[in-house]
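Visitor: Could you take me through the terms used for this model, and show what each one rests on?

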Amino acid sequence: MPNLKTKVPFKGTPEQESKLLGIIESHKGKRGATMPVLQQAQDIYGYLPEEVQITVAEGLGLSLSEVYGVVSFYSQFTVNPKGEHVVSVCMGTACYVKGAASILERVERKIGCEAGSITADGRFSVDATRCIGACGLAPVITVGSDVYGRLVPDEVDGILGKYTDK
């Protein structure tokens, strides 16, 4: 199966770009501007593709490598787009011990993409996450803000089926 992380074209709008340029302008020349600008840029686009990083770098007078260094260091940032439905499989200790790896395999097979990527149609993305704090429900997945716990692999298809027609 091809890795779709880099196959989804950037689809920024003029409105998004205008908003980003305004944010950059309001932070220009301020010490420590990189983090808040990147946080707000990710809020605008949902992720930080190379095109957005270039705009931030040029706008703040930084090199692209400086901006990418920040983006790649902090786990709050992502360079991959997220789907309409974000499926997160908790891989924390409790979930992992109770079979999260099998749950993740089933999710990947059902959706048709690997953890860290997005389906070609942009409907779903899959993430293997750290502990989400629902250890008593292990193993756990979330689909957006919906939480599903005490799962076995055979339940995954039914859960994800709820989102295929939305």
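Predicted model: local features only at pLDDT ≥ 70, side-chain atom pairs only at ≥ 80, totals over all residues.

Guide: Residues are numbered from 1 along each chain as its sequence is written, and side-chain values use heavy atoms, with hydrogens and water left out.

Visitor: Why is helix 3 called oblique to helix 4?

Guide: The axes of helix 3 (residues 50-60) and helix 4 (residues 64-73) come within 9 Å and cross at roughly 120°, the axes being lines fitted to C-alpha atoms over the stretch in contact, with angles from 0 to 180 degrees between N-to-C directions. Angles under 35 degrees count as roughly parallel, over 145 as roughly antiparallel, 65 to 115 as roughly perpendicular and the rest as oblique, and therefore helix 3 is oblique to helix 4.

Visitor: Which residues of helix 3 and helix 4 make the contact?

Guide: With contact meaning heavy atoms within 4.5 Å, E50, Q53, I54, V56 and A57 of helix 3 meet L64, V67, Y68 and V71 of helix 4.

Visitor: What makes strand 2 and strand 5 edge strands?

Guide: The open sheet of five strands has the order 2-3-1-4-5, with mixed pairing, where two strands pair if DSSP finds at least two bridges between them. Strand 2 (117-118) and strand 5 (146-148) each have a single partner strand, so one side of each is left without a neighbour in the sheet.

Visitor: How do you know that strand 1 and strand 3 pair?

Guide: Strand 1 (residues 85-90) and strand 3 (residues 124-129) are joined in the parallel sense over six bridges, and V89 stands opposite A128 in strand 3.

Definitions and conventions. Helix = DSSP H or I, 4+ residues; strand = E, 2+ residues; numbered from the N terminus.
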